Amino acid sequence: MPELPEVEVVRRGIVEHAVGAAIDKATVYDGRSVRRHLGGPTDFEDRLVGRTVAGVGRRGKYLWLRLDNDDAVLTHLGMSGQVLIQRPDLVAQKHLRIVFDLDNGRQLRFVDQRIFGGMLVSDGGADLPAEIAHIARDPSDPAFDVDLFAERLKRRRTGIKRALLDQGLVSGIGNIYADEALWLAKLHYARATDTMRKSEVIGLLNVIRDVFTSALSQGGTSFDALYVNVNGESGYFDRSLEAYGQEGLPCSRCGTPIRRDSFMNRSSYTCPACQPRPRNGRW
DNA sequence: GCTTGCGCCTGAATGC
DNA sequence: TGCATTCAGGCGCAAG
């Protein structure tokens with residue numbers, strides 16, 4: 001699924017290939033991809049015709065097209081979403097859900113196999129859509145407030161992984177990203193947030209930033225004018241994972257087999273030696 | 001107010 | 001072979 005670096009790559013791709021273009025026509029092929037747009041598919045389409053894309057914003061894994069009337073097209077890729085900029089004559093993808101015909105001779109296509117993602121028109125949301133005002137900044141955002149984050153962690157009564165996955169606390173971190181960051185920082189997912197030392201919090205944030213930065217430098221070259229890369233299998237799956245999905249394989253630091261635990265209806269991977277379970281851990 | 005768990009989806013992988 | 005079941009995941013929402 002697209003992780004934070006991939007979403008930023010998509011944002012930059014849209015900036016390059018769609019900003020300044022007007023939307024001649026919008027077509028929703030699957031209403032489920034706009035289910036969060038309360039006015040329904042027809043209203044969604046109608047409100048975009050004639051609008052110009054003035055810019056592209058991002059908060060966590062959410063993207064939005066800033067429109068010239070101060071509205072926004074809020075977009076989330078979910079687990080399998082792609083945004084493609086293509087020629088209109090290219091054959092439609094199997095899971096093509098939404099198409100914008102742009103006046104620059106291109107189409108902006110939203111393709112999403114599992115429909116966990118979607119789009120909606122946000123009233124007056126060009127600056128920051130109200131629908132995502134509750135989403136925190138990501139650790140690579142210059143305005144991310146480390147002190148505030150550490151303080152809020154301290155007040156939580158939960159485990160560090162839950163906290164990392166809570167987009168209201170810090171955004172952009174999914175299950176894979178969380179497991180890899182915790183492995184790098186040698187922290188167990190059940191570590192109680194209120195026992196975290198400031199230095200540990202800072203170390204964890206630095207690890208997350210490092211992964212983001214290196215992924216971004218690699219992802220930035222992987223698309224051209226006709227394809228804004230959001231390949232669902234790119235990014236993390238191209239890199240070598242240290243913990244996620246490595247059950248039974250030796251930890252690259254110490255050789256202990258990586259273990260898999262069921263956690264929050266999904267999997268968590270840890271090195272039992274490098275990341276020992278805390279005595280007073282919290283889920 | 002905070003924490004926890006469900007349900008939305010598809011298709012690949014697995015089980016019988 | 002073929003059908004049925006399980007699993008993966010982000011996020012909104014409701015229940016605790």
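Is R32 buried, partly exposed or exposed? In this predicted model, R32 is partly exposed, with a relative accessible area of 48%. The legends below describe close-up views of the structure.

**View 1. The salt bridge between D30 and R32.** The side chains of D30 and R32 form a salt bridge, and their closest N and O atoms are 2.9 Å apart. D30 has a relative accessible area of 12%, and it counts as buried because this value is under the 20% limit. R32, at 48%, is partly exposed. In general, side chains of opposite charge can pair when their charged atoms come close.

**View 2. The salt bridge between R51 and D68.** R51 and D68 meet through their side chains in a salt bridge, with an N to O distance of 2.7 Å. This pair links distant parts of the chain, 17 residues apart: R51 belongs to the loop between α2 and β2 (53-59), and D68 to the loop between β3 and β4. R51 is partly exposed, with a relative accessibility of 24%. D68 is also partly exposed, with a relative accessible area of 42%.

**View 3. The salt bridge between R197 and E200.** In this pair, the closest N and O atoms of R197 and E200 are 3.6 Å apart. R197 counts as exposed at 52% relative accessibility, whereas E200 counts as buried at 17%.

**View 4. A network of salt bridges.** Five residues, E8, R11, R12, R58 and D138, are linked in a network of salt bridges. The model has a count of 20 salt bridges.

**View 5. Helix α2 and the strands it packs against.** Helix α2 covers residues 40-48, and its buried residues include G40, F44, E45 and L48. The buried residues of α2 pack against the strands β1 (23-28), β3 (62-67), β4 (72-76), β6 (96-102) and β8 (118-122). After α2 comes G50, which has a positive phi near 85 degrees.

**View 6. The protein surface near DNA strand C.** DNA strand C is surrounded by 16 residues, of which Y62, H76, M79, Y244 and R260 are the closest. Of the atoms of DNA strand C that come within 4 Å of the protein, 58% belong to sugar and phosphate. The residues of this surface divide into five nonpolar, six polar and five charged.

**View 7. Polar contacts with DNA strand C.** R114 places a polar side-chain atom 2.8 Å from a base nitrogen of DNA strand C. For R266, a polar side-chain atom lies 3.2 Å from a base nitrogen of DNA strand C. The side chain of S267 has an N or O atom 3.1 Å from a phosphate oxygen of DNA strand C.

Conventions: Residues numbered from 1 in each chain as written. Chains lettered and ligands numbered in written order. Predicted model: local features only at pLDDT ≥ 70, side-chain atom pairs only at ≥ 80, totals over all residues. Heavy atoms only, no water. Near = heavy atom within 4 Å. Polar contact = N/O pair within 3.5 Å; in protein donor to acceptor, adjacent residues only side chain to side chain. Nonpolar A, V, L, I, M, F, W, Y, C, P; charged D, E, K, R; others polar. Buried < 20%, exposed > 50% of the residue type's maximum accessible area, 1.4 Å probe, protein only. Helix = DSSP H or I, 4+ residues; strand = E, 2+ residues; numbered from the N terminus. Contact = heavy atoms within 4.5 Å. Salt bridge = Lys/Arg side-chain N within 4 Å of Asp/Glu carboxyl O.
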